[in-house]
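Let's take a walk through this model together, one feature at a time. Have the sequence and the coordinates open as we go.

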Amino acid sequence: MDEEPERAKRWEGGYERTWEVLKEDESGSLKATVEEILFQSKRKRVIESHEQVRLGMMRHLYVVIDCSRSMEDQDLKPNRLTSTLKLMEAFVDEYFDQNPISQVCLHRNPKKHIAALKKAVDTVCVGEPSLYNSLNQALQSLKHMPGHTSREILIILSSLTTCDPANIYELIKTLKSLKVRVSVIGLSAEVRVCTVLTRETGGLYHVILDESHFKELLMMHVKPPPASSSSECSLIRMGFPQHTVAALTDQDAKPSFSMSHLDSSSGPGLSLGGYFCPQCHAKYTELPVECKVCGLTLVSAPHLARSFHHLFPLQAFVESPLEELQGDRYCQACQGELKDKSIFTCTSCHSVFCVECDVFIHDTLHCCPCCIHSQVTPL
Amino acid sequence: MKLNIEGLLVYFPYDYIYPEQYSYMLELKRTLDAKGHGVLEMPSGTGKTISLLSLIIAYQRAFPLEVTKLIYCSRTVPEIEKVIEELRKLMEFYSKETGESNNFLALALSSRKNLCIHPEVSSLRFGKEVDGKCHSLTASYIRAQRHSNPNLPVCRFYEEFDAVGRQVPLPPGVYNLDDLKDFGRRKGWCPYYLARYSILHANIVVYSYHYLLDPKIADLVSKELAKKSVVVFDEAHNIDNVCIDSMSVNITRRTLDRCQNNVDTLQNTIHKIKETDAAKLREEYRRLVEGLKEANVARETDIYLANPVLPDEILQEAVPGTIRTAEHFVGFLRRFLEYLKSRLRVQHVVQESAPQFLKDIFDKVCIDRKPLRFCAERLQSLLRTLEIADIADFSAVTLISNFATLVSTYSQGFTIIIEPFEDRTPTIANPVLHFSCMDPSIAIKPVFQRFQSVIITSGTLSPLDIYPRILDFRPVTMASFTMTLARTCLCPLIVGRGNDQVALSSKFETREDFAVIRNYGNLLLEMSAIVPDGIVAFFTSYVYMENIVASWYEQGILENIQRNKLIFIETQDAAETSMALEKYQEACENGRGAILLSVARGKVSEGIDFVHHFGRAVIMFGVPYVYTQSRILKARLEYLRDQFQIRENDFLTFDAMRHAAQCVGRAIRGKTDYGLMIFADKRYARADKRGKLPRWIQEHINDGSLNLTVDEAVQLAKHFLRQMAQPFRQEDQLGLSLLTLEQLQSEEMLQKITQIAHQT
């Protein structure tokens with residue numbers, strides 16, 4: 001973090017001064033620097049996430065959002081709570097996209113979370129938070145989770161103080177023994193107890209600088225943490241229900257309730273088709289879900305496949321300047337002309353990609369299209 | 001690593017070194033080369049102790065004839081222990097690198113209370129009791145009496161030590177207090193006397209200031225230390241006050257009453273002895289006629305450290321006839337006592353100089369100057385002759401006789417102030433006679449004269465040039481070192497205004513002003529909401545703190561603060577304070593957060609470190625000027641002006657700023673630490689105040705952090721704390737503020753290092 005240019009008027013540091021990083025080129029255009037910044041930020045995430053480690057696939061994540069008085073602080077716009085909730089929506093989306101067979105707060109349905117988050121915007125933030133109580137509550141739910149899944153708690157903490165009913169260090173010991181990984185994102189400053197908490201349980205502790213940094217830190221938690229070697233490996237029973245769509249012409253088809261919507265008043269009530277549990281034939285409209293009747297985990301094959309990339313992450317592409325490239329200057333993925341000053345080469349098939357495609361491949365596809373193409377497809 | 005400091009091979013027990021440590025050693029080496037004294041300022045947490053030890057020990061090894069001993073003076077027992085631990089690390093490194101066990105002897109020395117292993121004596125609570133009890137078991141005549149009467153209790157540890165301990169020197173090694181005790185238990189020797197005996201041939205001695213500066217103790221312990229020693233005073237920013245305290249005497253009515261009892265006891269004992277053993281008194285008389293010649297011979301041959309209480313002239317003369325016999329002396333003491341009593345019966349404040357006092361005493365009770373000067377020596381002799389075991393009981397009469405000797409010896413540098421009551425309680429009669437030393441150089445002069453090199457060092461010694469002036473010595477090096485930092489981990493802010501633009505200041509005129517008090521409260525409230533874990537707030541005095549806190553309570557500010565953090569308060573009661581401190585640390589540890597309200601110049605501001613989360617911010621409410629209406633201070637200021645040409649204001653500001661720097665310096669105890677330093681008074685923004693802060697703080701004060709409002713300070717603090725919370729690894733420091741040997745030797749770095757030391 002370069003602090004020098006801010007020296008003159010440090011009290012303005014509280015405001016965003018993005019224009020300071022911009023520099024005009026000879027023609028007076030800002031384009032070059034803006035592109036440079038964007039380029040750098042795009043690359044960063046891709047590079048960071050690629051180490052060959054075994055990652056836990058099934059995650060149980062408990063997100064705790066501090067709603068104490070300090071969340072009213074307006075240093076994030078419009079205030080800390082609103083800003084946090086907005087980012088959380090994005091986080092939940094991304095989380096389920098990357099970890100389809102994982103859970104957040106023991107609910108599988110991403111739509112429900114987002115609805116809940118939207119509602120929470122109106123919450124009035126009062127009082128002091130208790131780290132102990134929230135951890136304890138999360139622990140009560142998490143400790144019944146099977147050993148092959150990861151148990152994680154993510155705390156968004158705005159307050160610098162915590163009012164605990166008992167000694168928190170005892171609880172940290174319990175968390176450690178139950179292999180619960182606690183991560184904290186601090187919104188204001190470094191608090192000692194969080195440092196200890198995260199260090200002891202093997203989690204991450206970060207403090208945000210501003211909104212964009214906050215988002216970056218949240219997204220770090222999308223990626224599953226390395227699986228600890230001590231976590232048990234076991235075979236899990238899973239059901240792969242077929243989606244049956246009743247033809248509209250079929251007069252015998254009767255609309256029925258989805259099991260997942262029984263307890264909630266909102267959402268579609270009756271529908272014709274759906275997923276039927278292979279074991280007990282309970283009907284669900286959405287996957288993945290845990291069958292309410294027989295307890296079987298129901299997923300679709302693509303879900304599983306998407307989680308698979310955590311086990312075999314795609315190698316990072318090698319960055320090299322454009323001048324060194326011989327031959328056609330076309331990106332192998334989007335077929336566009338390569339204009340940026342750097343290009344990216346796949347290590348196994350040596351295909352060349354532009355930065356956008358590089359990011360797309362690593363973030364979304366998780367496999368190199370050229371490698372797959374070159375594989376001999378069995379007839 | 002092994003360093004080459006201008007041709008001297010220095011073993012340094014760490015793999016990395018801070019650039020300022022290298023620079024520090026360089027300056028130190030030059031001081032030792034010149035065989036002179038030095039004043040060195042380097043911020044705490046930059047490894048001052050290990051730099052000092054590494055270099056001086058290397059020097060001792062390279063030139064064993066030039067420097068024979070290192071005397072390291074520190075303030076408190078924990079600090080002494082810390083030094084010993086560093087030393088142990090260094091010695092282990094030596095034996096690992098050179099492969100041979102070296103024959104260095106290093107040991108710590110502390111009072112009997114900390115070293116006694118006698119089961120009964122060591123269980124006593126107060127140092128004085130332990131000393132008295134020990135004396136009653138080990139005094140020479142007690143032991144002599146035991147020959148005739150074997151039933152008398154003795155200390156078997158001392159007996160054992162006396163029998164064999166002196167023949168066998170302590171084996172080489174590093175001994176802290178516990179090691180000495182263990183060794184003593186194993187051998188059955190008294191660790192205290194063993195240590196006192198061993199410092200004579202030890203290579204390194206670590207002990208408290210008082211063993212060198214307090215004339216009464218120095219005479220017993222440090223008298224025979226070798227001349228070619230290097231003396232280091234660590235944390236020496238208050239050394240002038242230590243010197244003054246060790247030479248000043250306060251006499252209250254209670255002292256005089258106890259003294260009266262002492263004199264009565266003396267009288268009775270003399271009567272008894274006269275009936276049984278008159279020869280003893282005659283023997284003493286003969287000895288006194290011979291005079292104090294022996295001591296004089298020893299001093300002339302340069303064996304002894306001079307005692308400022310007992311100046312050279314006294315030694316050449318015999319005790320005057322008027323107090324030579326025991327009865328005469330007791331009569332003399334009585335007269336002197338009555339005179340003092342009459343002086344204490346005053347209705348108004350009296351201030352006079354020593355010659356005036358002497359003239360008055362001569363006019364009133366016909367006591368001459370000469371017998372007064374011998375009073376202290378004569379009393380010691382009498383106590384020895386009378387074989388009084390429990391010396392502790394005679395502290396009152398010892399105090400009075402010391403006073404008599406001092407007042408008649410020094411015509412300059414002292415003043416006598418008699419106050420009928422304390423300023424704060426003018427209705428309660430509580431007369432006190434202050435015999436106050438105004439010249440710190442008197443106590444420290446023998447140290448500078450006797451020892452080859454004296455190093456004065458601390459984290460806060462600015463402005464450097466004032467110390468040589470008030471201590472009256474000529475240093476060969478004076479240097480101030482900055483802290484090289486990979487990230488700006490200290491953030492000094494000067495808050496001069498409240499949000500309503502009211503100027504914040506603790507100056508006398510606005511002290512009662514509600515607007516100022518409210519704004520101070522507001523500052524603390526806002527800070528309590530954004531600073532994590534611990535905040536330490538310092539006030540200028542207990543009275544001021546009480547007023548402000550009471551006012552905050554009425555305005556409901558305290559209640560609001562308590563939502564964010566718990567509040568603890570330092571009081572004058574030591575037990576209460578240490579309790580508050582303990583709870584404060586607990587609250588910081590478990591995340592509740594806490595504020596400690598304390599007082600500059602108090603116990604917290606001097607001895608307690610607030611590392612990392614225990615002190616993320618220090619707020620200094622007001623400028624901690626000393627209580628300027630005190631007559632003692634006024635006399636001292638006058639003296640400084642007349643003798644050393646230091647203007648009152650300069651000295652007061654210097655004194656206030658060194659305490660402010662001490663207070664805020666509590667938060668930063670190393671390079672990985674970080675903390676806010678908030679100076680809440682607009683007067684700090686002035687150049688004359690700011691300029692007296694240590695250089696390592698001054699560097700980080702820029703125009704943008706002067707005269708802020710509370711809101712602006714909060715914005716800056718928030719930004720700073722977020723920056724500091726970002727991950728910080730050791731690699732980030734490497735090459736900038738932490739160097740490997742290769743990095744150190746690079747041309748570019750050596751160039752940079754020369755800029756770290758700032759010579760004055």
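Helices here are DSSP runs of at least four residues, numbered from the N terminus. Keep in mind that this is a predicted model.

With that in hand, go to helix 7 of chain B, which spans residues 156-165. Y158(B) and F161(B) both sit in this helix, three residues apart, or about one turn. Their rings form an aromatic pair, with 6.4 Å from centre to centre and 50° between the planes. Why call that tilted? Planes under 30 degrees apart would count as stacked and those over 60 as edge-to-face, so a pair at 50° falls in the remaining class, tilted. Both partners are tucked away: Y158(B) is buried at 9% relative accessible area, and F161(B) is buried at 0%.

Staying in chain B, look at how helix 13 (residues 253-276) meets helix 21 (residues 395-409). Their axes are 7 Å apart and the packing angle is about 105°, which means that helix 13 of chain B runs roughly perpendicular to helix 21 of chain B. On the helix 13 side of chain B, the contact is made by T255(B), L256(B), R258(B), C259(B), N262(B) and V263(B). Helix 21 of chain B answers with S395(B), A396(B), V397(B), L399(B) and I400(B). Sort the residues of this contact by class and you get seven nonpolar, three polar and one charged.

Now for the cysteines. How many disulfides does the structure hold over all chains? The count is zero. Take C357(A), whose sulfur has its closest cysteine sulfur in C334(A), 3.6 Å away. A disulfide needs the two sulfurs within 2.5 Å, so this is too far for a bond. C357(A) is buried, with a relative accessible area of 9%. In chain B, the sulfur of C437(B) is 8.1 Å from the closest cysteine sulfur, that of C243(B), and that too is too far for a bond. C437(B) is buried as well, at 1% relative accessibility.

Finally, step back to chain A as a whole. Chain A has 10 helices and 16 strands, and 44% of its 379 residues count as buried. Among chain A contacts with a separation of 6 or more, 63% come from residues 24 or more positions apart.

Conventions
Residues are numbered from 1 along each chain as its sequence is written. Chains are lettered from A and ligands numbered from 1 in the order in which they are written. This is a predicted model: local features need pLDDT of at least 70, side-chain atom pairs count only at pLDDT 80 or more; totals for chains, interfaces and linings use all residues. Side-chain values use heavy atoms; hydrogens and water are left out. Axes are lines fitted to C-alpha atoms, for helices over the stretch in contact, and angles run from 0 to 180 degrees between N-to-C directions. Helices (H or I, at least four residues) and strands (E, at least two) are DSSP runs, numbered from the N terminus. Angles under 35 degrees count as roughly parallel, over 145 as roughly antiparallel, 65 to 115 as roughly perpendicular and the rest as oblique. Contact means heavy atoms within 4.5 Å. Ala, Val, Leu, Ile, Met, Phe, Trp, Tyr, Cys and Pro count as nonpolar, Asp, Glu, Lys and Arg as charged, and the others, Gly among them, as polar. Buried means under 20% relative accessible area, exposed over 50%, partly exposed in between (1.4 Å probe, protein chains only). Rings of Phe, Tyr and Trp (its six-membered ring) pair if their centres lie within 6.5 Å; planes under 30 degrees apart count as stacked, over 60 as edge-to-face and the rest as tilted.
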